[in-house]
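Visitor: Please show me the model. I want to know what stands behind each word you use.

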Amino acid sequence: MAALNADTTATIIRDNELFSFPAAASTQFYKGGLVAINASNVAVKMTATTGLKCVGICQENVNNSAGANGALQVPVRRGLHRLTNGESITLSDIGTTAYANDDQTVYKTATGRSAVGIIRDVDASGVWVEI
């Protein structure tokens, strides 16, 4: 496509927080859990595995336990979310990458894990990660 040479109204604007992805077969998602896209391009719960792409926090319980890939959609929200601190993450780790150990716990060690997002704060309740 050629570059613009005049004003356009064709640019579509979309919110950058709420998304929905096709659920993996035989999977139940819980509200508040980390969700990722796997190599098959379906939503899965984050686990301590490499190759997953974190897409956000699940916004409602989605039970696709008896469904095929894509039978249901998983609504997720991106943004700044508090997650469980699984590896003594401290304020000195702000600005570094958090990695998933499961669908609610983050580590600072990448080995065997997929990235969740950037650590933005740490408090007594957990780690604030920008997804």
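Guide: Start with one residue pair. In β12, Val 129 is the bridge partner of His 81. This is a predicted model, in which local features need pLDDT of at least 70, side-chain atom pairs count only at pLDDT 80 or more, and totals for chains, interfaces and linings use all residues. Residues are numbered from 1 along each chain as its sequence is written, and side-chain values use heavy atoms, with hydrogens and water left out.

Visitor: What is the strand order in the open sheet of five strands?

Guide: The order is β1-β7-β5-β3-β4, and the pairing is antiparallel. β1 and β4 (43-45) stand at the edges, because each has a single partner strand. One side of each is therefore left without a neighbour in the sheet. Neighbouring strands here are turned by 50 degrees against each other on average, direction ignored. Such angles run from 0 to 180 degrees between N-to-C directions, with axes as lines fitted to C-alpha atoms. Inside this sheet order, β5 (residues 53-58) and β7 pair over two bridges. Ile 57 stands opposite Arg 77 in β7.

Visitor: Why is the pair of Glu 17 and Arg 77 called a salt bridge?

Guide: The term needs a side-chain nitrogen of Lys or Arg within 4 Å of a carboxyl oxygen of Asp or Glu. Here the closest N and O atoms are 2.8 Å apart, so the pair qualifies. Glu 17 lies in the segment before β1 (18-22), and Arg 77 lies in β7 (residues 73-77), so parts 60 residues apart in sequence are tied together.

Visitor: How many salt bridges does the structure hold?

Guide: Three. Another joins Asp 93 and Lys 108, at 3.5 Å from N to O. Asp 93 sits in the loop between β8 (80-85) and β9 (97-100), and Lys 108 in the loop between β10 (105-107) and β11 (115-123), so parts 15 residues apart are tied together. Arg 120 and Glu 130 also form one, with the closest N and O atoms 2.7 Å apart. That pair links strand β11 with strand β12 (residues 126-130), ten residues apart.

Visitor: Why is Asp 93 called buried, while Lys 108 is called partly exposed?

Guide: Look at relative accessible area. Buried means under 20%, exposed means over 50%, and partly exposed lies in between (1.4 Å probe, protein chains only). Asp 93 has 11%, so Asp 93 counts as buried. Lys 108 has 35%, so Lys 108 is partly exposed. Arg 120, at 40%, is partly exposed too.

Visitor: How do you know that Cys 54 is in no disulfide?

Guide: A disulfide is a covalent bond between the sulfur atoms of two cysteines. The test asks for a pair of cysteine sulfur atoms within 2.5 Å. By this rule the count is zero. For Cys 54, the nearest cysteine sulfur is that of Cys 58, 12 Å away. That is too far for a bond. Both residues are buried: Cys 54 has 18% relative accessibility, and Cys 58 has 2%.

Visitor: What makes a group of residues a nonpolar core?

Guide: The members are buried Ala, Val, Leu, Ile, Met, Phe, Trp, Tyr and Cys residues, joined through side-chain atoms within 4.5 Å. The largest such core has 20 residues. Those with the most contacts inside it include Leu 34, Leu 83 and Val 129. β11 gives the most to this core, with three residues. A second, separate core has twelve residues, among them Phe 19 and Cys 58.

Visitor: Which residues is Val 129 in contact with, leaving aside its neighbours within four places in sequence?

Guide: Contact means heavy atoms within 4.5 Å. Among the partners of Val 129 are His 81, Leu 83, Ala 98, Val 106 and Val 116. So we end where we began: His 81 is also the bridge partner of Val 129, which DSSP finds when it pairs strands.

Definitions and conventions
Helices (H or I, at least four residues) and strands (E, at least two) are DSSP runs, numbered from the N terminus.
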